[in-house]
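Morning, everyone. I have one structure to show today. Please take a look at the screen.

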Amino acid sequence: MSKAKGFKKSKTGTYLSMGTTAFGAVSVIKQAKKARMEHDTLRLIDAAVSAAAIVTGLALLYRELKRIGDDDVLLG
């Protein structure tokens, strides 16, 4: 179990989380396009909020990746 927790805080785990989060953007883009075609304002707002959550999530993961890199002696 502790091995899985360590993976989550590793570079590989962080990259995997970033990829998974970015993959969610595909769904949000499709949702936004459909909402625009159907003139559905509420779904468009939902897509915008979801997109903001994805951007925030990616920013947090990027910050974590930089923190991991700063702790790595070889990366200086």
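First, the ground rules. This is a predicted model, where local features need pLDDT of at least 70, side-chain atom pairs count only at pLDDT 80 or more, and totals for chains, interfaces and linings use all residues. Residues are numbered from 1 along each chain as its sequence is written, and side-chain values use heavy atoms, with hydrogens and water left out.

Now the fold. The chain has three helices and zero strands. Helices (H or I, at least four residues) and strands (E, at least two) are DSSP runs, numbered from the N terminus. In sequence order the pattern reads α-α-α.

How much of the chain is buried? Of its 76 residues, 18%. Buried means under 20% relative accessible area, exposed over 50%, and partly exposed in between, with a 1.4 Å probe and protein chains only. The accessible surface is about 6,100 Å², and carbon and sulfur atoms supply 66% of that. Those areas come from the Shrake-Rupley method with a 1.4 Å probe; for residues, only the protein chains shown count as cover.

On to contacts, meaning heavy atoms within 4.5 Å. Take those between residues at least 6 apart in sequence: 61% join residues at least 24 apart.

Next, helix 2. It covers residues 11-37, 27 residues in total. From first C-alpha to last it reaches 40 Å, close to the 39 Å expected. That expected span is 1.5 Å times one less than the number of residues. The buried residues here are Gly-13, Thr-14, Met-18, Val-28, Ala-32 and Ala-35. Thr-14 has a relative accessibility of 1%. Just after helix 2, His-39 takes a positive phi of about 55°.

Last, the salt bridges. The structure holds two. The criterion is a side-chain nitrogen of Lys or Arg within 4 Å of a carboxyl oxygen of Asp or Glu.

One joins Asp-40 and Arg-43, at 3.7 Å, N to O. Asp-40 is partly exposed at 26%. Arg-43 is partly exposed too, at 39%.

The other pairs Arg-67 with Glu-64, with the closest N and O atoms 2.6 Å apart. Both sit in helix 3, residues 41-71, three residues apart, about one turn. Why does that spacing matter? An α-helix has 3.6 residues a turn, so residues three or four places apart point the same way. Arg-67 is partly exposed at 37%, while Glu-64 counts as buried at 17%.
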